[in-house]
Amino acid sequence: MTEIFGVPTQALFGQLLIGLINGAFYAMMSLGLAVIFGLLNIINFTHGAQYMMGAFCAYFLLEYAGLGYWWSLLIAPVAVAATGIVIERLMLARLYKLDHLYGLLLTFGLALIFQGLFRNQFGSSGLPYQIPAELSGGMNLGFMFLPKYRAWVIVASLIVCLATWYAIERTKLGAYLRAATENRALVQAMGVNVPRMITLTYGFGVGLAALAGVMAAPIYQVNPLMGADLIIVVFAVVVIGGMGSILGAILTGFGLGVVEGLTKVFYPEASNTVIFVIMVIVLLIKPAGLFGKER
Amino acid sequence: MAAPPPSAVTAGSDARGFATATAILVGVLVLAPHVGVYPVFLMKALCFALFACAFNLLLGFGGLLSFGHAMFLGTAGYVSAHAAKVWGLSPELAILAGTAAATALGIVAGALAIRRQGIYFAMITLALAQMIFFFCVQAPFTHGEDGIQSVPRGLMFGVLDLSNTLVMYYVVLAIFVGGFLLIYRVINSPFGNVLKAIRENELRAISLGYDAERYKLLAFVLSAALSGLAGATKAIVFQLASLTDVHWSMSGEVVLMTLLGGMGTIFGPVAGAFAIIAIENYFAGFGQWVTVITGGIFVVCVLAFRRGIVGEIGAWLARRRR
């Protein structure tokens, strides 16, 4: 068997793949957080719960409506985004004039409510979700076995991330969005309906989280707590990357996933904590984050 | 982040009002176990009340929202339980060891976290606490999921037999009152006033020549130390140190106690801690509904009840006086 640095290549590439998958989820989640934070100035603690709700939505669609993975990919983000829009209109909209930390506290409370309700209903053990038939099986690349579904997740999330980047940095709507992030009142004075834009932005960020949840459902099991620990890691990712740049968030997400995967190979004891350790180092060297600006 | 409460009594700046209210509070607590209130419930509530007061020192008076205070509670609990059980230290030394550990952790965590402000500060403290949580899951001396069990209560100062529940209760009460008075002293000292100035307008405080970072760090370390005192005491009382106390949900719980009681008020965290512990005791048999209710209280507090219980009482007192 071939080895690199004393590690079998199979194990190395296997963990690298898992790292890339985790990185894909980190990237999509931190992207959503960054977009929401940019316009709403709120850190959305419910993000993890909304990721979980995306996965559950896919599960419900399959169990009760017979709609498979591809339909879920479309319906679940829209459905969860709709609940997000209701939350924004009814609750978050009342907090914009207050300290930003109230938004964090409110969304934390909402996350507890959602996770508690789903746990009451479905317990803490996971529910299985089948990989769609088109993507089951895998390819043998010679140096490793690549399951088709995992390859799909990496490619699809990259496309989603880049599309988001394009929409924000290169389209007219994105230009409005960036302008409103800089100066909300001025953009409103130009005749843009900023409150509606804020609502839709929140919905979009939440939808991204739900989309990540649907994509995660066949890999991890569908579990009420699947987003609870993930959101804390994503917070660390956001601190490391800084929330100033879209491409920065994508790069940081994927990069940290890979680093975490490699840690599992070379020093498994630290794999849970490596991202937090990196956060500490980044805070010491560049407090604003790798791609962030002090503000 | 807290709006200053409109009444001097609840803010703890009216010395006579504070003395009266504290005397009533302590009197009630001294008598409580004799009128049928379950002492174990009281001890649990008092430990959390001290924890919430320590947290409020940072949030209510320093304006810093830490979302990782469980790391101080839990670490101190583990260290004092280990010291009492494995090293065989007497309870007062075990509690001291736990508090010292939390203080040391507070210096490191505080120095890192105050490098960023606002929302980032909250996220960094949360991430650091999660790191400590994973450390506690893996470290051999914490015994993972089992925790450190059957910690001996022992003899305090060689004379007080803590295995007697009532003796234990009065020791906990004394520790709570000591911590509470210390916090009162801190927020009414020149240091506390500078801290409040930084909370209101950090840039102006800096321009007046105050080293804001040093004040924030000192407040953070004080808060960590007192949280550690609460955690160490709790470990001796319940003879147990477990992962629950380092988990992020515990960090959320102390935020909730402070928010519900009224942040920036001196008595608020005490009221909040008693209320939350009572609710949890009542709903203990209803599975995950506790989490749902906790979340619901969060939402209601943020949307409609931002002054909290004691803050509302203070506002009512202030209105009546006019």
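# Chat on a two-chain predicted model

Me: In chain B, what share of contacts between residues at least 6 apart in sequence join residues at least 24 apart?
Reply: The share is 77% in chain B. Two residues are in contact if their C-beta atoms, placed from the backbone, lie within 7 Å.

Me: And what is the corresponding share in chain A?
Reply: For chain A, 75% of the contacts between residues at least 6 apart join residues at least 24 apart.

Me: What conventions apply here?
Reply: This is a predicted model, in which local features need pLDDT of at least 70 and side-chain atom pairs count only at pLDDT 80 or more, while totals for chains, interfaces and linings use all residues. Residues are numbered from 1 along each chain as its sequence is written, and chains are lettered from A and ligands numbered from 1 in the order in which they are written.

Me: What are the scores for the model?
Reply: The ipTM is 0.87 and the pTM is 0.89. Chain B has an average pLDDT (the predictor's confidence in each residue, from 0 to 100) of 89, and 96% of its residues score at least 70.

Me: Where in chain B is the pLDDT below 50?
Reply: It is below 50 over residues 2-6 of chain B, a stretch that has 16 contacts in the model beyond near neighbours in sequence. Where pLDDT is low, the predicted coordinates should not be read in detail.

Me: Next topic: how many helices and strands does chain B have?
Reply: Chain B has 14 helices and 2 strands. Helices (H or I, at least four residues) and strands (E, at least two) are DSSP runs, numbered from the N terminus. Its radius of gyration is 19 Å, close to the 20 Å that the globule rule gives for 322 residues, so chain B is as compact as a globular protein of that length. That radius is taken over C-alpha atoms, and the rule is 2.2 Å times the number of residues to the power 0.38.

Me: What about chain A, in helices and strands?
Reply: Chain A has 11 helices and 4 strands. Its radius of gyration of 19 Å agrees with the value near 19 Å for a compact globule of 295 residues. The C-alpha atoms of chain A fill a box of roughly 65 × 50 × 35 Å along the principal axes, and the C-alpha trace of chain B spans about 55 × 45 × 40 Å along its own.

Me: What percentage of the residues in chain B is buried?
Reply: In chain B, 54% of the 322 residues are buried, and in chain A, 47% of the 295 residues are. A residue is buried if 20 or more other C-beta atoms, placed from the backbone, lie within 10 Å of its own, exposed if 12 or fewer, and partly exposed in between.

Me: How many residues does each chain give to the contact between them?
Reply: Chain A gives 33 residues and chain B gives 35. On the side of chain A that touches chain B, the elements giving two or more residues are α4 (100-122), α9 (228-241) and α11 (274-285) of chain A. The largest contribution is from α4(A), with 16 residues. By class, this side of chain A has 22 nonpolar, 7 polar and 4 charged residues. Ala, Val, Leu, Ile, Met, Phe, Trp, Tyr, Cys and Pro count as nonpolar, Asp, Glu, Lys and Arg as charged, and the others, Gly among them, as polar.

Me: Which residues touch the most other members of the largest nonpolar core?
Reply: Of its 203 residues, they are Ala210(A), Ala236(A), Met279(A), Ala49(B), Leu50(B), Met123(B) and Ala127(B). Such a core is a set of buried Ala, Val, Leu, Ile, Met, Phe, Trp, Tyr and Cys residues joined through C-beta atoms within 7 Å.

Me: What is Leu50(B) in contact with, leaving aside neighbours within four places in sequence?
Reply: Its contacts are Phe176(B), Gly179(B), Leu226(B), Leu229(B) and Ala230(B).

Me: Is helix α11 of chain B mostly covered or mostly uncovered?
Reply: It is mostly covered, with 13 of its 14 residues buried. This helix (residues 248-261) reaches 20 Å between its end C-alpha atoms, close to the 20 Å expected, the expected span being 1.5 Å times one less than the number of residues.

Me: What is the phi of Gln239(B)?
Reply: Gln239(B) has a positive phi of about 55 degrees, although it is not a glycine. Gln239(B) lies in the loop between α10 (212-238) and α11 of chain B, and is partly exposed because 17 other C-beta atoms lie within 10 Å.
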